[in-house]
Amino acid sequence: PGTVTLSGGGSICADGTFTEMNFNFNGLLPWDLVFANGFINQTIQGITDSNYLFSTNNEGVYNVVSAADVNDCLANIIGTAQVIVHPLPVAIISPAEISIYEDASIELEVGEYAMYHWFNVDGSDLDTLPTLTVSDSGIFYVEVIDFNGCSDVSEGAIVNTKPYTDLFIPNTFTPNGDDHNELFVITGVNIKTFNIQIFNRWGELMFISESIYKSWDGTFANKKVQEGSYYYQIEVLGNDGEIFKKGGVISSIW
């Protein structure tokens, strides 16, 4: 009798990759082969070469059921081959979409893998670290390779930037007619709408304005108000679409 030796197999990824089993026959040709992967038997007849390669991406432990030479003499069987199919990783960037303020930054994360390759929508290489620090708007991707050597490319994570809304509010002004610091002037950046109300200590409304460019001159009913503290409430809608509210005290000093 002849001898058939099985070798090959190994670990592959579930991405359509194939691996090969090598059946080596030492006997009279042609020969017939029956083998199985633990679930299904497969028969190959009339093999005219001493080596037969079989490609597969099906998991299992493969073994020779039988091998016979041209005279139907059964061969001795040596070896088995195992095929392990690893599932593909699923790369999901977190957060998937976010808006950050200009001059701020955000870290994009994807989880723990063996290797990372971050790139943007233009295909430009960005980093190979587990996280990506982003301070500009754009669409960002990552290709990961897990510890089995299997890879995946994420969907794009969207980062938008928005302008930062801020107010600059003094705490005193001196409406005494010396042409210095006469107005309660508020300035700001990235202001879309503005509303201010100023009250005296008894809750009486002294001043109201819908424009940040209209400043209080320290008068009420065409008369100078008394020296002291007055209370303001401000509500702003910024260019970032966020409502910004602030309250405080302004001191009128003669």
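Mentor: Two strands count as paired if DSSP finds at least two bridges between them, and strands are DSSP runs of E with at least two residues, while helices are runs of H or I with at least four, numbered from the N terminus. The model before us is predicted, which is the reason that local features need pLDDT of at least 70 and side-chain atom pairs count only at pLDDT 80 or more, whereas totals for chains, interfaces and linings use all residues. Residues are numbered from 1 along each chain as its sequence is written, and side-chain values use heavy atoms, with hydrogens and water left out.

Trainee: Over how many bridges do β25 and β26 pair?

Mentor: Strand β25 covers residues 228-238, and strand β26 covers residues 243-252. The two form a hairpin with 4 residues between them, and G241 in the turn has a positive phi of about 85°.

Trainee: Which residue of β26 is the bridge partner of Y232?

Mentor: Strand β25 is also joined to β21 (residues 191-199), antiparallel and by 8 bridges. There, Y232 is the bridge partner of I198. In β26, the partner of Y232 is G248.

Trainee: Where does P95 lie, which S94 joins by a cis peptide bond?

Mentor: The peptide bond between S94 and P95 is cis, with omega about -5°. Another cis bond joins L29 and P30, and P30 lies in the loop between β3 (19-26) and β4 (31-36). For P95, the place is the loop between β9 (80-86) and β10 (97-101).

Trainee: Is D103 buried or exposed?

Mentor: D103 is not a glycine, yet its phi is positive, at about 75°, and D103 is found in the loop between β10 and β11 (106-109). Buried means under 20% relative accessible area, exposed over 50% and partly exposed in between, with a 1.4 Å probe and protein chains only. At a relative accessible area of 83%, D103 is exposed.

Trainee: How are the planes of F23 and Y52 arranged, given that their ring centres are 6.2 Å apart?

Mentor: Rings of Phe, Tyr and Trp (its six-membered ring) pair if their centres lie within 6.5 Å, and planes under 30 degrees apart count as stacked, over 60 as edge-to-face and the rest as tilted. F23 lies in strand β3 and Y52 in strand β6, so the pair ties together parts that are 29 residues apart in sequence. The planes stand at 40°, so the pair is tilted.

Trainee: Which ring has K162 over its face?

Mentor: A charge sits over a ring if NZ of Lys or CZ of Arg is within 6 Å of the ring centre and within 35 degrees of the ring normal. R201 lies over the face of W202, at 5.6 Å from the ring centre. K162 lies at 4.7 Å from the ring centre of Y101.
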